Amino acid sequence: MAIATISTINETRERLDAVRASGRSVGFVPTMGFLHDGHASLMRAARSQNDVVVASIFVNPLQFAANEDLSDYPRDLDRDTDLAERSGVDLLFVPSVEEMYPHGPVLTTVTVDDISSRFEGATRPTHFAGVATVVSKLFNISGPARAYFGEKDFQQLAVIRRMVSDLSIPIEVVGCPIVREADGLAMSSRNTYLSPEQRAAAPVLRRALDAGVAAIDNGEVRPAEVVRIMTTIVEAESHAQLDYAAAVDAATLVEPDTLSGEVRLLIAAQVGRPRLIDNAGTSIETTT
Ligand code: AMP
């Protein structure tokens, strides 16, 4: 089936109402476009588990602060349409800002307290409310059985999981592994902003995470020591300015006194113009 590109909420609803009425399931992949293999992996996962796959491309003003890159966020709808079609998407929802927010500023927002305030939320205080609000809206428009999010944005995934649980939203949230370039850099639409020197420096985030994971796998359970190891590696790279490095409980994103169970290492650094984020998981077996 050729991909259909639709820009209105009404037409999207009509088409997907017909899909659900015939007993077929909808899988949904929200994106901001400028698609790469990371997005494609979500689309392929949706393709393998659902009858109809919907993806959205919407650069959501609500999740950008005034000083961020909303106006020049990279866009290429022709390329995106081609990649989405090749990755198994049936329907591409590409609304305008006016279609999504016809009254201008929204009066109704969804906020997920606590999880949203740390790490990315500390640097970007309104970001996750913008994400949770637009994702709620996109869920209501597309009515999927399953929705696909990348572990690349690990905190975002935790925020969405908590929102879905707290509000009893009848959608299964599926987390998908991080897709990386050959040298370890996590794929991101914002990597396009990197100069050649910055691009060469950017895999430092992955190296820091690898060192942190290796320390834990060798028995380190002190979060501060894991953070010190990661920090030292990033600070040795002159193109990277560390924002945060943390070792947290993978479910709650809280930094414990002693690491145990499922652990996630989170890292963010400014590398030239873009702020890059990455993360990695490991687990500590508890012997009884
Ligand atoms: P974005 O277009 O950046 O809003 O991302 C849309 C979705 O793709 C989010 O769920 C991201 O976590 C996911 N994503 C972005 N980059 C990657 C990646 N390198 N690997 C896996 N998923 C990704």
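Helix α2 gives the most residues to the shell around the ligand, namely 3. Helices here are DSSP runs of H or I with at least four residues, strands are runs of E with at least two, and both are numbered from the N terminus. Before we go further, please keep in mind that this is a predicted model, in which local features need pLDDT of at least 70 and side-chain atom pairs count only at pLDDT 80 or more, while totals for chains, interfaces and linings use all residues. Residues are numbered from 1 along each chain as its sequence is written, and side-chain values use heavy atoms, with hydrogens and water left out.

Let us stay with the ligand for a moment. It is surrounded by 16 residues, and the closest are His39, Gly150, Asp153, Val179 and Met187; a residue is near a molecule if one of its heavy atoms lies within 4 Å of it. By type, the shell divides into 8 nonpolar, 6 polar and 2 charged residues. In this count Ala, Val, Leu, Ile, Met, Phe, Trp, Tyr, Cys and Pro are nonpolar, Asp, Glu, Lys and Arg are charged, and the others, Gly among them, are polar.

Which atoms lie 2.9 Å from an oxygen atom of the ligand? One is a polar side-chain atom of His39, and another is a backbone N or O atom of Gly150. On the nitrogen side, a polar backbone atom of Val179 is 2.9 Å from a nitrogen atom of the ligand. The protein covers 92% of the 490 Å² of accessible area that the ligand has on its own, by the Shrake-Rupley method with a 1.4 Å probe. Two or more residues of the shell come from each of β2 (26-31), α2 (37-49) and β5 (146-150).

Two of those elements, β2 and β5, lead us into a sheet. Its 6 strands run in the order β1-β4-β3-β2-β5-β6, forming an open sheet with parallel pairing; two strands pair if DSSP finds at least two bridges between them. Because β1 (4-6) and β6 (172-176) each have a single partner strand, they stand at the edges, and one side of each is left without a neighbour in the sheet. From one strand to the next, the twist averages 25°, with angles taken on a scale from 0 to 180 degrees between N-to-C directions of lines fitted to C-alpha atoms.

Within this sheet, β5 and β6 pair in the parallel sense over 5 bridges, and Phe149 stands opposite Gly175 in β6. Likewise, β2 and β3 are parallel partners over 6 bridges, with Thr31 opposite Ile57 in β3.

Is strand β3 (residues 52-57) mostly covered or mostly uncovered? It is mostly covered, for 6 of its 6 residues are buried, meaning under 20% relative accessible area, where exposed means over 50% and partly exposed lies in between (1.4 Å probe, protein chains only). In a regular strand the side chains alternate between the two faces of the sheet. In β3, Val52, Val54 and Ser56 point one way, while Val53, Ala55 and Ile57 point the other way, and all are buried.

Strand β8 (residues 261-271) is joined to β9 by 10 bridges, and the two run antiparallel. Thr282 counts as buried because its relative accessible area is 12%. Its side chain also makes a polar contact of 2.6 Å with that of Asp217; such a contact is a pair of N or O atoms within 3.5 Å, and within protein one must be able to donate a hydrogen and the other to accept it, while residues adjacent in sequence count only if both atoms are side-chain atoms.

Glu197 is in helix α8 (residues 196-201) and counts as partly exposed because its relative accessibility is 48%. Glu197 and Val271 are 74 residues apart in sequence and 9.8 Å apart in space, C-alpha to C-alpha. Ser96 sits in the loop between β4 (91-93) and α4 (97-100), and is partly exposed, with a relative accessible area of 32%. A polar atom of the Ser96 side chain lies 3.0 Å from the backbone nitrogen of Glu99.
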